[in-house]
Every structure is written in C-alpha cells, then in structure tokens.
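Reader: I have just opened this structure and would like a guided tour. Could we go through it together?

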Amino acid sequence: MEKRVGVLGGGQLGAMLAEAANLLRIPVNILDVGHSSAKQITHLGTHIEGSFKDPEAIKKLAACSDVVTVEIEHVDTHILEEIAAAGADVQPHWKTLRTIQDKYEQKLCLINDDVATARSVSLKNAAVADLEGAAGSLGLPLMLKSRREAYDGRGNFAVQSKDDFRPALEALGGDRELYAEKWANFTMELAVMVVKTKDTVLSFPTTETVHENSICKLTYTPARGVSKTIDQQAQALARKAVACFAGKGVFGVEMFLVEGDKLLVNEIAPRPHNSGHYTIEACPVSQYEAHLSAILDLPLHQESLRLNQPAIMLNILGGETEDSHMKVVEEAMKLAVRPKIHLYGKGKARKGRKMGHLTVTAATMREAEEIMQPLIDFVDTQNGKKVFGKSSKPQKPMTAKDTPLVAVLMGSDSDLPKLSGGLDILAQFKVPYTTRVTSAHRTPKAMAQFAETAADRGIEVILAAAGGAAHLPGMVAAYTSLPVIGIPIKPSLGDGMDSVLSILNMPKGVPVATVSLNNGHNAALLAVRILGIKYPIMRERYEAFMVESEKGVLAKDSRMEEVGGREYLKGMGV
C-alpha cells in the first residue's frame, strides 16, 4: 500500500518536496492556507485548508497521512505530541522540533553532547542588567538573539558595545525570551545537509554560504578555498550534531569556520534548507528525495549524496518593484548557458522575500562562476548593493595572486637559478604557484608532510627539481596522488646523467614525469597542459602560446629565405 506524506506548511520547501514526491508518485497532503506554493505542484494527495499551527487542521492532516513531516519548524509541537501518542508517525520526532524551536535549548543540547558551538547565556528578563551580566560572562561584542520564531536575521541584534544594550532590547524585547551568544569571528559561513535515517546518519558535501542583510544570497558547492580535511571535518561535525536529535529526515546544519580552521555549529533546521537547493541539479539524490527516503524508510546510500559537478545557487529575492524577481529571470534567460530556474509561485514580490532561485552547474567552479557572475552583477546593480562578507566575485581571470595550483620544490636554493626559465613560464601563463625548499635527505619529515597535504591546500601539480642522487621527485610522488614532474639538475660534479636516470628509473606504481637536464621550461609547460584539462582558461592560454610560437618560427623562416643563410648568421652575431 502506498504511503501518503502529510506536510505542515506549503511554502517553497514544501513545493520542492512535492516535486520530488511527484517523481516517485508519492502522494503528498499539504496543510496551508489558500493556493500556496506547494499546493500548486501536486494533486496526488488530499490537501487541507488552514494554518499549519491550527490544532484541528493538524489532526485532519494526520488522519489522511501515513507520515507527518514539516517544511517549517514553527509548528505546534504539543498537537504533534498528541497525534503521535494517538499513533501518528511524526518525523522528525516532535521532541526534536520542540528543542530546535528554542534556539537556546538547541545550544544546550549540542553542548551536552560535546558538539562545538558558540557559548550562550540565557537572559532571565529583557533588561539592561541581565544583558550587562551576559556581556560580563561572554565579553563584547556579542549577539543578542530571540529564542523562538527567528529566521533570516530576524530576531538577532549585534551588540558591539554598551551603547547597544538599550537599542538591542527595544528591538528584540517585549515578551520575547532572549539569550546572548558569544561573538564568532568567522572567516566563512558553511552549511551541511544531513540525512538521518532509521539506521544511519549521512551527509551531503560542505557548502559555502554568502549572506546579504542576514539572508542567504549565494551558495557555492564545494565550498571555495576549503581543504578536503575541513570539508570532511565539517561533515563529521554536522552528522554528530544531528545525531543528538531523535527522528528521521533531512537537517540543515549551519556553521562557522573561525580562525585556526576551527568549526562551530551555529544553528540547525530540522527540515530541508535553503543551502541545500543545489542538490536538485548537482547530486544524484536531492535533499528533498533524501528527506522522503528517510521518513518513508526507502533505501538510501552515501554515494547517492555525492556532488556530480560544482554548483552555485543564487536566491531570487524580491526587490523594489513587484516584478523585480521576473526581471532577474528574464536576464537569466538571455544567457547562452541558462541556469536552472526555480520560481516559487508567490505572486507579487516584496522586498527581501524569497521568490525563487537559480542554479548553475559546470565542470569546474570557475566555469560556474563565469556563467553566474552576470546575474550576480545584475542583482547587485538592481539593488544598489554588494555582498557583505566573502566576495561573490569569481576568481577569473586566473592570476598569479590566486591560491597556488603549482608547487615548485627544490632540494637546495642553489637549484633556483636553473629553474628561472620555468618560473618565467608560470608567470607568463598567470599560473598561481609557490616555491619551496625541501630536501628528501635533510628534511624528510617536512617533505613528506608537504606532499601529503598539498592537495588539501589546492595544489594540483608538483614540479620537483633535484641533482645528484635526485631522490626528491620520487619521494614526493610516494606521498601524494598529484602528478609530479621531475626536473633533473646538473650537479657541480659530473654531467648530470645520474640525476636524469634517478628520476627516470622509478619503480612500477610510483610514476614521475621527467624532462631533460635543467629543463624547468618544459616542466612548467607540461604543468600548464595538465591544468588545461580542468581549467579552460589555461587551455586557451596554451593554444594562444602555440599560435605565437608558430608565428615566431615562420617569421624566422621567412627572414632566412629572404636574406640567405650567411647574412642571417651575421644577424645572429656569428
């Protein structure tokens, strides 16, 4: 017998959940007022008219559904507790929803299970004396927050000094319960979508989120400039956080990356989340399909949550005019590579209201940035604003100031002059690179540590120069899966053939590309070609280089034919 899913709330998250359900022909019943976004999507279920906070409407929904879930956590958990006691399957568990609704209780739950999060202090009253006490405990600046009904920056106030005490309390006070949170001096905001099933806890990749006016504007997946180690740590922390709560489904875990590459959980949403929209286009299974799979006990594996391609998501927010969102859509439709357009069916736009989103996927993040950037510029121009925090500007054109893609290693600084030609090539092609001195014999631990962590730091090709025994290229290759190009250096004794043969004669299973003696020039060109597989801009630069090289040879040929060999020699000073 097919199971029917009842959803409390009919906004855009409910709509995208219904779209995912339609693919599997899973009937969905929506509880919301009017012709909400989700009700526009599906007619397979029996929709309920009314507020998702209305006890009687919730009971009606439960009566015609096999599983009750939420697309917004601000629901009446006491009614959910009542229907669960009567036999309804509520996912995630009503206790989880009740705890997460109260952001301070959410923090206490995380701290109790040793999940890293910012320290918080509850205010007994919305009074200056209580806020002074919190500041004395946490220091200034701090964030004053409402414990309930806060989202998209609403219910938050940044308290920079004592002068902000009264304005903060006036803005958030009244009958609200408040708490103060220690200021997190973050370098980046991240998010991980987590799926809790009956058997396990799974996670999607780590996403970078960029906010404007406390509303998520952009997401970049994978997070830009985040190492594989941090990505794995963020996913592990998110899974640990979600494991604290009962029930099944998708959870959005927002976190801060702070100084020292430490991670702190900021907040958890017990439902699909804005930061996970990219999964619709970029992953084998979207967050919405994953949520349905979890609450219905359908098979789901970690491999299905992998990232197929880098993705950028841009929220379409309401602007100054009622049709501002459609202007963004019209602009998107003009692009040669059109982003995937999602409109939420909310009618007329209101300033700051989420009206839809756009998603771009591409072979590389740089390509995705190039596609999305005109739309970011259009939105910024339309709103007269720029992104706060980390810039949303793409990293193209690639320049030497970017995060290094190539590492040039040498066993001794005396090798550097012989590598100057290769460094010139990297500079000519605007390849970001780093030069390091590390010896296979004198600093073996440092060499191994650099090689093992190079990929995590964004390095994609390693050039390793060595003379004499020339063990450096081979030893580096033993500690990394990155391509290594060995550059044999002519030593002070001998003709350098021992250096060439040392690099050439690597054992099977540990390959090292090799160029001729002192030929850093060709090693650098080979590195550019390797990068060109991933970065079209590099391939374009190399193709232009080939054209110029051809022109140069043809010009010499023409000149030699014109003046003859003897005259040409005179021009060469021979």
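Reader: What should I know about the model before we start?

Author: It is a predicted model, in which local features need pLDDT of at least 70, side-chain atom pairs count only at pLDDT 80 or more, and totals for chains, interfaces and linings use all residues. Residues are numbered from 1 along each chain as its sequence is written, and side-chain values use heavy atoms, with hydrogens and water left out.

Reader: How many helices and strands does the protein chain have?

Author: The protein chain has 19 helices and 22 strands. Both are DSSP runs numbered from the N terminus, helices being H or I with at least four residues and strands E with at least two.

Reader: What box do the C-alpha atoms fill?

Author: Along the principal axes, the C-alpha atoms of the protein chain fill a box of roughly 100 × 55 × 50 Å.

Reader: And how much of the chain is buried?

Author: Of the 574 residues in the protein chain, 51% are buried. Buried means under 20% relative accessible area, exposed means over 50%, and partly exposed is in between, with a 1.4 Å probe and protein chains only. As for contacts (heavy atoms within 4.5 Å), 64% of those in the protein chain with a separation of 6 or more are between residues 24 or more positions apart.

Reader: Let us turn to helices. At what angle do α17 and α18 cross?

Author: The axes of α17 (residues 520-534) and α18 (residues 536-563) cross at roughly 135° and come within 6 Å. That makes α17 oblique to α18. Axes are lines fitted to C-alpha atoms, for helices over the stretch in contact, and angles run from 0 to 180 degrees between N-to-C directions. Angles under 35 degrees count as roughly parallel, over 145 as roughly antiparallel, 65 to 115 as roughly perpendicular and the rest as oblique.

Reader: Is the α17 and α18 crossing left-handed or right-handed?

Author: The crossing of α17 past α18 is left-handed. A crossing is left-handed if the near helix is turned anticlockwise from the far one by less than a right angle, and right-handed if clockwise. Residues of α17 including Leu525, Val528 and Ile533 meet residues of α18, among them Tyr542 and Phe545.

Reader: How does α13 pack with α17?

Author: Helix α13 (residues 420-428) packs with α17 at an angle of about 30°, and their axes are 6 Å apart. The two helices are therefore roughly parallel to each other. Here the crossing is right-handed. Gly421, Gly422, Ile425 and Leu426 of α13 meet Gly520, His521, Ala524 and Leu525 of α17.

Reader: And what about α3 with α4?

Author: Helices α3 (residues 77-85) and α4 (residues 94-101) have axes 9 Å apart and pack at about 170°. That makes α3 roughly antiparallel to α4. Among the residues making the contact are Leu80 and Ala84 of α3 and Trp94 and Leu97 of α4.

Reader: New topic. Where is His357, and is it buried or exposed?

Author: His357 is in strand β17 (residues 354-361), and it counts as buried at 0% relative accessibility.

Reader: What polar contact does the His357 side chain make?

Author: The side chain of His357 makes a polar contact with the side chain of Tyr344, at 2.7 Å. A polar contact is a pair of N or O atoms within 3.5 Å; within protein, one must be able to donate a hydrogen and the other to accept it, and residues adjacent in sequence count only if both atoms are side-chain atoms. Leaving out residues up to four places away in sequence, His357 also touches others, including Met16, His277 and His342.

Reader: How many disulfides are there?

Author: There are zero disulfides in the structure, a disulfide being a pair of cysteine sulfur atoms within 2.5 Å. The sulfur of Cys216 has its closest cysteine sulfur in Cys283, 16 Å away, which is too far for a bond. Cys216 is buried, at 8% relative accessible area.
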